[in-house]
Amino acid sequence: MLASPLLVGVLAGGAAWVHLPLAGLWFAGYFAFFATSLWLKAGRRAKWFPPVRAYGVLTAALGVVVLVMQPGLARWAPLFALPLGIGLYAAAHRQDRALVSGLATTAGSALMTVVAYDAGPGSDLSRAWQLALVQLLYFAGTVFYVKTVIRERDNVAFRRVSGAYPLLVLLVAATVFGLVRHDASSWPLLIVFALLLVRAIVVPPHRPTPRQAGIGEVVATVAVATTSLLV
């Protein structure tokens, strides 16, 4: 969920030197977010704060480097405020594994597709937003799917929602990329989303292990990213 939006944005918009510190900023920022979440869950105990400080300083330093190289990227920063706020609020109240928190984190991750695209020589931001939509639709689905095969594996109602969501994704993707564009290049992506729909229905009853689910997610992530770049 960290690497895919970044790489899709870079590959779609073209690579630039600023992508190097931007990638560092993105990963350091996540580490800072994760460390802060743990610190908040621990009741702001002092022994949990050093990683927050270390990753916070690293994130700030890399942020300065990115802005020096390309000041215009600062316009995207406010868009991350809401997902970040929701995630930290959930952590502070020990609800970081709640569905809303997972979806907010997913939305923040998908935004990096647009930022990475804008950092390169690409000029078609509408395509960047479409690619970000694909990332959002897919990774939001993983929030439902992973919960279905692990924490909510015995929750029949949640399994039904998890099965219905990829159907909605397929319809949205078909509308945005297929029916509207009338472009055959969208078919590989639509086929992947159709397979994800089948997976959401067929796999959970077989109770895959976390390792098996993780391997499946890696394969699905690569498939979605690769086929989205063909559109």
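Predicted model: local features only at pLDDT ≥ 70, side-chain atom pairs only at ≥ 80, totals over all residues.
**The cavity**

- The whole structure was searched for cavities of 30 Å³ or more, and 1 was found.
- The largest cavity has a volume of about 140 Å³.
- Its lining is made up of 14 residues.
- Gly141, Tyr165, Pro166, Leu196 and Arg199 lie nearest the centre of the largest cavity.
- Helix α6 provides the largest share, with 6 residues.

**A charge over a ring**

- Arg199, one of the residues nearest the cavity centre, also lies over the face of Tyr145.
- The distance from Arg199 to the ring centre of Tyr145 is 3.9 Å.

**Aromatic pairs**

- A search of the whole structure gives 9 aromatic pairs.
- One of them joins Phe31 and Tyr55, with ring centres 5.4 Å apart.
- The planes of Phe31 and Tyr55 stand at 50°, so this pair counts as tilted.
- Phe31 sits in helix α2 (residues 19–41), while Tyr55 sits in helix α3 (residues 49–69), so the pair ties together parts 24 residues apart in sequence.
- Phe31 is partly exposed, at 35% relative accessible area.
- Tyr55 is also partly exposed, at 32% relative accessibility.
- Phe31 and Tyr55 belong to one aromatic cluster with Tyr30 and Phe34.

Conventions
Residues numbered from 1 in each chain as written. Heavy atoms only, no water. Phe/Tyr/Trp six-rings, centres within 6.5 Å; stacked < 30°, edge-to-face > 60°. Helix = DSSP H or I, 4+ residues; strand = E, 2+ residues; numbered from the N terminus. Buried < 20%, exposed > 50% of the residue type's maximum accessible area, 1.4 Å probe, protein only. Lys NZ or Arg CZ within 6 Å of the ring centre and 35° of its normal. 1 Å grid on protein atoms, 1.4 Å probe; cavity = no way out; pocket = protein on both sides within 12 Å on 5 of 7 lines; lining within 4 Å. Points joined across faces, edges and corners; volume = space filled by probe spheres on them.
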